[in-house]
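Could you walk me through a helix, a surface patch and a sheet in this one? Here is the model to look at.

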Amino acid sequence: MGEQAVITRLPEPTFKQKIARSKIEISIGIVTVGVFLVYLIGAPQVFTHYQIYYSFMTTIPITGILALALTFVITLGEIDMSFPSVMALGGLTMSTVYSNMSSVDYFGIPPLTLGILAGLGVGILCGLLNSLLIVGFGIPSIVGSIGTQFFFRGLVNVIAAGAGISMLAAQSGPESGVYFALAGKIQVTEGARLPMQFLWFIGLGVLCLVIAKRHRFGLHVSFVGDNKLAAQMMGVNVPRVRITAYVITGLAAAFAGIVSNLEVAYFYPSQGEDIMLPALAAVFIGGTSVLGGRGSVVGTFLGALIMGSLEAGIISLGFDGFWTKVFYGLIIMVSVSVYSFVMKKST
Amino acid sequence: MAEANLQNEAAEAAAKGDAPLLQMVDVCKRFGGVQVLDNVSLEIGSNEIVGLVGDNGAGKSTLIKTITGVHLPTSGDIYYKGEKISIHSVKKSRKLGIETVYQERALADLQTIWQNMFLGREITNKLGFMNIKEEKRQSELMMREHMGFTSKAITVDTEVEFLSGGEKQGIAISRALYFKADLIILDEPTVALSLSETQRVQEFILDIKRRGHSAIYISHSIYLLYPVCDRFIVLDRGRVAGVLDKKDVTQDELQEKMVNLVKTGVLA
Ligand SMILES: Nc1ncnc2c1ncn2[C@@H]1O[C@H](COP(=O)(O)OP(=O)(O)OP(=O)(O)O)[C@@H](O)[C@H]1O
Ligand SMILES: [Mg+2]
């Protein structure tokens with residue numbers, strides 16, 4: 001087939017197409033380097049010291065892990081608005097189990113470990129409830145997950161009754177190793193410590209990248225987001241792909257909630273309330289299309305670095321804290337405009 | 001009356017080992033309140049090319065989608081090689097040896113050629129990680145040998161959105177023909193194809209016959225269907241209006257019958 005058509009019509013050469021396929025990653029890479037150069041030049045007194053990077057490595061992974069998981073849902077052409085509440089619910093579950101069961105070993109599992117497993121389990125359940133509404137009942141994802149966002153937050157409020165829960169005791173105790181594995185600090189050199197959550201962020205980032213590029217699931221996510229009907233006709237189990245994406249998001253949100261609890265050794269009921277827009281923004285400035293079919297894990301990773309460093313960066317540059325959101329807004333507007341332009345040209 | 005008889009027949013035929021390749025028994029399909037397939041019963045023999053004809057909206061595409069597992073019949077049974085297909089799905093029909101070129105082409109534009117070629121049947125290890133190198137290699141083979149893509153500008157890494165309509169169809173067709181199947185279904189495969197490309201599809205279909213396989217060929221062009229088909233099944237508003245052997249009808253007669261059917265509502 002197609003001899004005539006091929007000869008009469010010459011599309012772009014391969015190497016150009018190769019660049020075209022990495023355009024997003026290249027763009028966001030340049031932006032990331034640019035942003036950090038601006039920090040370095042504008043506020044060398046801050047950005048030539050390890051302390052600021054340490055603080056980034058402590059905070060960014062929370063937003064970053066959420067954004068990595070959201071990349072799959074958004075590549076599907078859908079959205080999950082409930083993750084901030086799932087974060088809180090996961091953290092609450094872990095903290096509650098831990099503080100109520102300190103004296104008993106359930107199933108031979110010590111309390112912190114049990115709490116973490118319970119928290120992650122609740123995250124999976126949240127993902128399944130989202131799936132039931134969105135995949136099962138066919139409710140648009142934005143509507144369904146706004147519903148569950150309120151519902152999960154409501155549960156947190158009811159159960160916690162406005163009170164926080166301290167996790168301080170877990171830092172020492174017999175399970176300090178578990179605590180360390182999630183939110184500990186590795187002493188790299190005399191003056192430099194490395195937060196464990198940053199290693200998790202990198203590890204999960206690599207895992208997501210491999211899944212997106214090399215695993216059947218990642219491929220199917222792109223196909224479902226691109227052309228759901230075609231995917232179905234070619235034998236992709238579309239509901240299963242969608243459910244898996246929501247469960248991954250629920251699991252990641254609970255995990256982020258747990259890590260963020262352990263980091264500050266405290267659960268508070270409003271946990272996660274301010275993380276929704278930065279996490280979503282990280283995905284969008286990373287070049288994942290809200291229309292579905294095209295996603296970039298590398299983009300999300302870098303997007304999280306930008307979003308997570310912006311506030312500190314802006315303040316170090318001498319701006320008033322009130323300016324933060326103006327810059328958030330600018331970065332988002334500029335990056336999505338660039339992608340829109342870049343993608344149009346390649347079509 | 002028909003159902004019990006046909007079911008018995010199917011069972012008997014299966015027992016004797018001369019069951020038709022595919023048999024549909026009283027298949028109905030509703031979408032909401034609309035009855036799109038109304039007690040469709042038909043057979044496709046082995047090594048037989050069957051032309052499926054009917055007006056727009058007659059239910060041809062819906063019919064083949066119940067065969068391929070895209071749609072589940074509301075009622076009725078489908079037998080393949082004499083065995084009833086119980087839990088149907090696209091995966092299952094492929095495993096049984098049914099390949100399809102859908103009218104909609106079923107390609108995803110933003111994904112590459114090799115990704116589209118192997119969609120739904122990725123070469124993976126046990127954990128589901130793909131052997132991308134092998135998929136690309138085989139896609140390359142399909143492109144160069146089966147589709148005759150000669151241009152170096154289009155590679156397996158090209159996204160489908162960069163292809164012309166004919167090239168896209170080439171992908172959809174060769175994807176169905178590459179994976180050896182006993183029953184190949186082609187729903188309007190030649191729409192928008194150039195004359196020479198259409199001729200190639202015709203040759204592909206004759207080749208299916210030569211290789212001893214079967215096909216269901218859907219087209220509005222009787223002049224394309226007639227030369228390559230052994231038998232014609234006429235579908236009219238969801239019902240089988242008639243089955244015609246090639247030896248009992250000339251191309252012109254078939255054409256005329258189709259026109260009359262639209263005008264009068266009866267196949268005469
Ligand atoms: N998924 C669906 N939901 C509701 N109605 C449908 C669906 N698919 C098909 N139909 C309806 O079923 C009828 C038959 O459609 P179908 O596509 O099978 O016809 P066709 O014979 O293939 O027509 P054409 O020659 O135009 O391709 C049409 O009236 C169509 O609107
Ligand atoms: Mg049709």
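This is a predicted model: local features need pLDDT of at least 70, side-chain atom pairs count only at pLDDT 80 or more; totals for chains, interfaces and linings use all residues.

Residues are numbered from 1 along each chain as its sequence is written, chains are lettered from A in the order in which they are written, and side-chain values use heavy atoms, leaving out hydrogens and water.

Let's start with α13 of chain A, which covers residues 238–264. Helices here are DSSP runs of H or I with at least four residues, strands are E runs of at least two, and both are numbered from the N terminus.

| α13(A) item | Value |
|---|---|
| Length | 27 residues |
| Span, first C-alpha to last | 40 Å |

Of the 27 residues in α13(A), 19 are buried, meaning under 20% relative accessible area with a 1.4 Å probe and protein chains only. Just past the helix, A:A265 has a positive phi of about 55 degrees.

A:I243 sits in α13(A) and is one of the residues making a nonpolar surface patch of about 380 Å². Three of the patch residues come from α6(A), the biggest contribution.

Over in chain B, four strands make an open antiparallel sheet, ordered β2-β1-β4-β5. Its edge strands are β2 (34–44) and β5 (83–84), each pairing on one side only. β1(B) and β2(B) run antiparallel over seven bridges; pairing takes at least two DSSP bridges. B:K29 faces B:L37 of β2(B).

Definitions and conventions. The expected span of a helix is 1.5 Å times one less than its number of residues. Buried means under 20% relative accessible area, exposed over 50%, partly exposed in between (1.4 Å probe, protein chains only). Patches are made of residues with over 30% relative accessible area and no salt bridge: like charges are joined within 9 Å, nonpolar side chains (Val, Leu, Ile, Met, Phe, Trp, Tyr) within 5 Å. Accessible areas come from the Shrake-Rupley method with a 1.4 Å probe; for residues, only the protein chains shown count as cover. A salt bridge is a side-chain nitrogen of Lys or Arg within 4 Å of a carboxyl oxygen of Asp or Glu.
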